Each structure stands twice: as structure tokens, then as C-alpha cells.
Amino acid sequence: MTRLKLLIASNNPGKVGEFADLLRGLPFDLIKPKDIGLVVDVIEDGKSYAENARKKAAAFALAAPGAVAIADDSGLELAAFDGWPGLHSVRFAGPDADDATRRRLVLQRLADCPPSDRVARFVCAIAAARGNTILAEGLGILDGTISTTELGSGGFGYDPIFVPVGLTSSFGELDLADKNQISHRARALAQIRPFLSQLAAEVSDGRS
């Protein structure tokens with residue numbers, strides 16, 4: 001029986017791990033870039049999360065003929081600063097900055113802000129592509145606040161300083177299974193999950 005080959009289009013180990021967990025148990029042959037020695041560098045110069053996700057999905061799909069690639073672009077948006085850092089969440093601190101540096105700069109910028117001004121949200125756009133063709137897209141948003149200090153050491157990116165609405169724990173304190181119940185990435189993926197399942201069935205039946 002032929003199975004759909006689904007490639008996680010990311011060079012970020014934390015993101016790859018989240019996708020692998022979110023897609024666990026579905027009827028795909030899930031491929032991680034390191035499994036096939038694939039490294040694809042994509043210039044993320046789009047004007048939206050969706051545009052960047054499309055660019056990454058198509059670039060990885062073209063590099064792995066026969067596979068469907070799934071990519072995302074996500075960012076942290078602070079209400080008090082008009083959505084900054086947003087699209088530039090990974091790049092605003094310079095090419096050599098690591099996650100810890102970016103978190104520190106965000107905390108410094110919010111240092112004098114009252115709790116009411118620490119409102120934030122995570123945004124994630126997801127795209128699936130085969131070759132140059134975008135097959136499906138999804139968008140997930142999760143509201144929350146920024147803590148005054150780092151809480152926990154789990155996750156990646158801004159997880160240790162982001163506290164989802166309704167919780168007192170940061171993403172850095174949640175285990176992966178709990179995070180993946182509510183995350184912005186999980187919400188975006190849920191929108192295209194039915195399409196991926198249908199596509200997998202069509203591939204299995206020889207219809208795609």
C-alpha cells in the first residue's frame with residue numbers, strides 16, 4: 001500500500017518535534033529533514049505569516065520530489081507595541097541572536113509595563129505544498145500575556161515567557177502533549193488536518 005510522504009519543512013528542531021507530535025498516528029510516512037539529509041534555506045521576506053509559510057512549504061517540496069511539505073511561519077505579537085516583533089520575531093535581534101537573547105530583549109522592553117500592557121498573542125500560519133502548488137492553508141491564534149520573568153525551561157522560542165489565557169503556567173512549564181492541545185500551531189494544523197487525511201486516503205487508493 002502506498003502511503004503519503006509528508007515532509008516537515010523546517011530546520012528548527014523544536015518546531016520539527018512539535019509537528020511530529022501533532023501528526024503522530026496519522027496515515028502518513030512522516031519525514032524529518034535530517035532523515036534525508038535535507039537543509040533548505042528560505043529567505044523569509046514575505047509580508048505576512050501566510051506568505052512566508054507558502055514560500056517555505058514550496059521550497060522544501062521542490063527539494064523533495066514526490067513528498068508533500070508542510071511548513072509554518074509564526075510570531076509573537078505584543079499589543080502594547082502594535083504587534084512587535086510579529087513577522088520579525090526570529091530576526092529582530094540580529095542573525096546571531098539565540099532564543100534566550102530574544103526573550104531577554106522582549107522582557108526588557110516590557111519591564112516598566114503594568115500587567116494590562118503585557119497582553120500578547122502567538123500567531124501561526126501553516127501551508128502544505130506539493131511542488132510549487134499550495135494545497136492547503138491554516139491560521140491559528142492563541143492569546144496570552146508575557147510573564148515578568150522566564151518560567152520553566154521547556155519548549156523553544158518565546159515559550160518560557162508566554163502564559164496562555166486561562167492558565168498560570170507558561171508554555172515553558174507545560175509538557176509537549178499539554179502544549180499541543182492548545183497551541184497556535186495546533187490550531188492552525190487542525191484546519192488542514194482533514195485535507196491531509198483525505199489526501200493520504202487518495203494516495204493509498206492510488207487516486208493521487
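This is a predicted model: local features need pLDDT of at least 70, side-chain atom pairs count only at pLDDT 80 or more; totals for chains, interfaces and linings use all residues.
1. The lining of the largest pocket comprises 12 nonpolar, nine polar and 12 charged residues. The pocket has a volume of about 720 Å³, and 33 residues line it. Those that lie nearest its centre are Asn12, Lys15, Glu44, Lys56 and Val90.

2. Several elements of secondary structure build this lining. Helix H2 (49–63), S3, helix H3 (99–109) and H5 each give two or more residues to the lining of the largest pocket. The greatest contribution to that lining is made by S3, with five residues.

3. The second largest pocket holds about 170 Å³ of space. Its lining consists of Ser10, Asn11, Asn12, Pro13, Val16, Lys32, Pro33, Lys34, Leu38 and Val39. By class, five residues of this lining are nonpolar, three are polar and two are charged. Asn12 deserves a remark: this residue lines the second largest pocket, and Asn12 is also one of the residues that lie nearest the centre of the largest pocket.

4. The overall fold may be described next. The protein has five helices and seven strands, and the order of these along the sequence is β-α-β-α-β-β-α-β-β-β-α-α. The radius of gyration is 17 Å, close to the 17 Å given by the globule rule for 208 residues, so the protein is as compact as a globular protein of that length. The C-alpha trace spans about 60 × 30 × 25 Å along its principal axes.

5. Two totals describe the packing of the chain. Of the 208 residues in the protein, 45% are buried. Among contacts between residues at least 6 apart in sequence, 62% join residues that are at least 24 apart.

6. In soluble globular proteins, nonpolar side chains tend to be buried together. Here the largest nonpolar core has 24 residues, and the members that touch the most others are Phe28, Ile70, Ile126, Leu189, Ile192 and Leu196. Two or more residues of this core come from each of strand S1 (4–8), helix H1 (13–22), strand S3 (68–78), strand S5 (119–130) and helix H5 (184–204). With eight residues, H5 gives the most to this core.

7. Which residues does Leu189 contact, leaving aside its neighbours within four places in sequence? They are Leu22, Leu23, Ile70, Ile126 and Leu196.

8. The peptide bond from Trp84 to Pro85 is cis, with omega near 0 degrees. Pro85 is placed in strand S4, which covers residues 84–85. In the loop between S3 and S4 is Asp82, whose phi is near 55 degrees, a positive value in a residue other than glycine.

9. Is Asp82 buried or exposed? The relative accessible area of Asp82 is 79%, and a residue counts as exposed when this value is over 50%. Asp82 is therefore exposed.

Conventions. Residues are numbered from 1 along each chain as its sequence is written. Side-chain values use heavy atoms; hydrogens and water are left out. A nonpolar core is a set of buried Ala, Val, Leu, Ile, Met, Phe, Trp, Tyr and Cys residues joined through side-chain atoms within 4.5 Å. Buried means under 20% relative accessible area, exposed over 50%, partly exposed in between (1.4 Å probe, protein chains only). Helices (H or I, at least four residues) and strands (E, at least two) are DSSP runs, numbered from the N terminus. Contact means heavy atoms within 4.5 Å. On a 1 Å grid over the protein atoms alone, a cavity is a set of points where a 1.4 Å probe fits but cannot get out, and a pocket is an open set with protein on both sides within 12 Å along at least five of seven lines; lining residues have an atom within 4 Å of a point. Grid points are joined across faces, edges and corners, and a volume is the space filled by probe spheres set on the points. Ala, Val, Leu, Ile, Met, Phe, Trp, Tyr, Cys and Pro count as nonpolar, Asp, Glu, Lys and Arg as charged, and the others, Gly among them, as polar. The radius of gyration is taken over C-alpha atoms; the globule rule is 2.2 Å times the number of residues to the power 0.38.
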